Amino acid sequence: MTRPGTVCAPLRSEWAALRGATCAPVVRTGRGPRRRYPDAAAGPLAVAGVAGALADGLRPGDLVVAGVIRADGLELPSRAAVLLHGELRRLGLSARLGPVYSAERVVTGRARAELAGSGALAVDTETAFLAADAPAGQAVALRAIVDTPDAPLLHPGTIGRGLRALRSLRAAAPALDRWSAATGERELLLAGPRSFCAGVERAIEIVEQALRRFGAPVYVRRQIVHNSHVVTELAGRGAVFVDELDQVPEGSVVVLAAHGVAPEVRRQAERRSLRVVDGTCPLVSKVHAEVRKFAAADKTVFLIGHADHEEVIGTRGEAPENVIVVADPDDAARVTPPDPDRVAYVMQTTLAIAEAEATASVLRQRFPALSVPRKDDICYATTNRQHAVRAVARESDLVLVLGSRNSSNSLRLAEVAAAEGVAAQLVEDAGEVELSWLAGARRIGITAGASAPPHLVDDLVETLSGLGAVRVRHISVTEENIRFNLPREVS
C-alpha cells in the first residue's frame, strides 16, 4: 500500500500556515528548484504554497490548482487536480484550475509576460521540481496568489498580500486533508455493459448526419439525449437546442429527441413547415404503438412511469383520454379505471426493473383482465446496465455512476447499486466526485448511464489513478451488439 499523501510546503511561512490547520503530513522542503523531497516516489504528493499570477483576473489570495505542471522541457499531468479543485469550490473558496509553471528563479518583467502568453495561470520556483520525483500523475499543486503583474513581488504592499495568500492557504487546508485521506491503492471494477446504448448512438448520429447533410444550424427539440456533455459537444458543432418548436424558424430542419413526442408536436411541426428528422428511440416508438393499439380497443392504459419525464409525456400524448400514469405500487393500489375489465399497461423504458415489476404486479392482482405488452417495455440496455451495476455493487465499497441528473436510467443505476447496501453516487463527470467519498474505499465500482459518453469512464479511471496505483477489473454480464437503422432523411 502507498502511504497517505504528503503535503510539501517549500517556505517556512507556508509550512507554518498549513501545519496547524491540516491533519495531513506536512513537510517543509525549502525554497527553490534545487530542493527535493527524498520520499516523493513513495506515493501521492501535494505541493502547497504561494505563487505569482500570470493570468488576468487573478488577485492576491486567489487559489490556483495545477491541472498541468510545467517547467522548461517538462510537462507533468496532475490526474487528481479536478478532485482537489472541486473540494476548494465546495469550501466556498475562489479557485481556478489550469497550468502552473515552475521557473529556476523569480520571474519578472518581459519574462513574466512571455510566460503569461503560454497559458499558464501562475508561476513558482518549486512545484515541477518536487512533482518530478513523485509517481507519474500522482502530484497535485495548490498555490495561493501573492503577487500579480500589476503588483509585483518587490513592491509596496507585498507583506499584506503575502498574509492574504497565507490565510487563503490555511483556509484550503481541509481540502488537502480530504485529498490525503483519499489517497492509496485501489481496485476499480468496471461494469459491463455501460455507457451508450444503440438508441443513444442512433440519436447522436442522427444529429451529426443532419449537420453534414443540411449544414448548421440544425434545431433539436429538447435534449437529444439526457446528458449535458453530449448536448454541449453537439452545440459546438452547430446544433441549436430549443424547448419548443415555436422557437424554430419556419422551414428549418428539426430533430426530435430520443425520448419521443406526442402527436401534437408532429402536427405543430407540419403547421410550421419544418423538415422533421425523427430521433425517437425505436424501443420508445414500440411503447407508443402499444398505447395506440390498446386505446383503439377502448381500453384504459396504465402507463407505469414518472409523470414529469419527457418519455412519459410523449407516450401519454398518444391517447391522453385513455392513459393514466401510475408511478409506483401505492398508485397502482389506488387507481380506479372507468371499466376494470378493459385495462392494459405499458412501461417507461428506463425504469428500475424491480420497481416496475412491483407496480405491474399490483395491477395484475387487482385487474385479472389486464392486457400486457407482448414484450417487456423496459429496454434491453436499461436491463443490462442494471444487472451489471448490481454485480459490481456486491463487490464494491463505493459505486460511482456517471450520468446527468435528468437521466432516468442513470438515476435508476444509482438506486439499484444502493439497494445492494453500498454507498452509490451519481456524478456528471470526474470533477463532481467528492474526495470524502473515496476515503477508505479501496474497491470502487464504476458504471455509466446509457446516455453518458464512454470517455467519461476513461476520464474517471485516470483521475482516480492520480490518488494512487489502480488495478482495473472488468465485470461483464452480457455483450451488446444491437444497432438501429437511421431514418431515411439522414441515411
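Reader: Which residues are linked in a network of salt bridges?
Author: Glu 187, Glu 395, Arg 443, Arg 471 and Arg 473 are linked in such a network. A salt bridge here is a side-chain nitrogen of Lys or Arg within 4 Å of a carboxyl oxygen of Asp or Glu. This is a predicted model in which local features need pLDDT of at least 70, side-chain atom pairs count only at pLDDT 80 or more, and totals for chains, interfaces and linings use all residues. Residues are numbered from 1 along each chain as its sequence is written, and side-chain values use heavy atoms, with hydrogens and water left out.

Reader: How many salt bridges does the structure hold?
Author: The structure holds 31. One of them joins Glu 480 to Arg 385, with the closest N and O atoms 2.7 Å apart.

Reader: Where do the two partners lie?
Author: They link distant parts of the chain, 95 residues apart: Glu 480 is in the segment after β20 (470-476), and Arg 385 is in helix α14 (residues 380-393). Helices (H or I, at least four residues) and strands (E, at least two) are DSSP runs, numbered from the N terminus.

Reader: Is Arg 385 buried or exposed?
Author: Arg 385 is buried, at 2% relative accessible area, whereas Glu 480 is partly exposed at 27%. Buried means under 20%, exposed over 50%, and partly exposed in between (1.4 Å probe, protein chains only).

Reader: Changing topic, how many disulfides are there?
Author: The search of the whole structure finds 0 disulfides, each defined as a pair of cysteine sulfur atoms within 2.5 Å.
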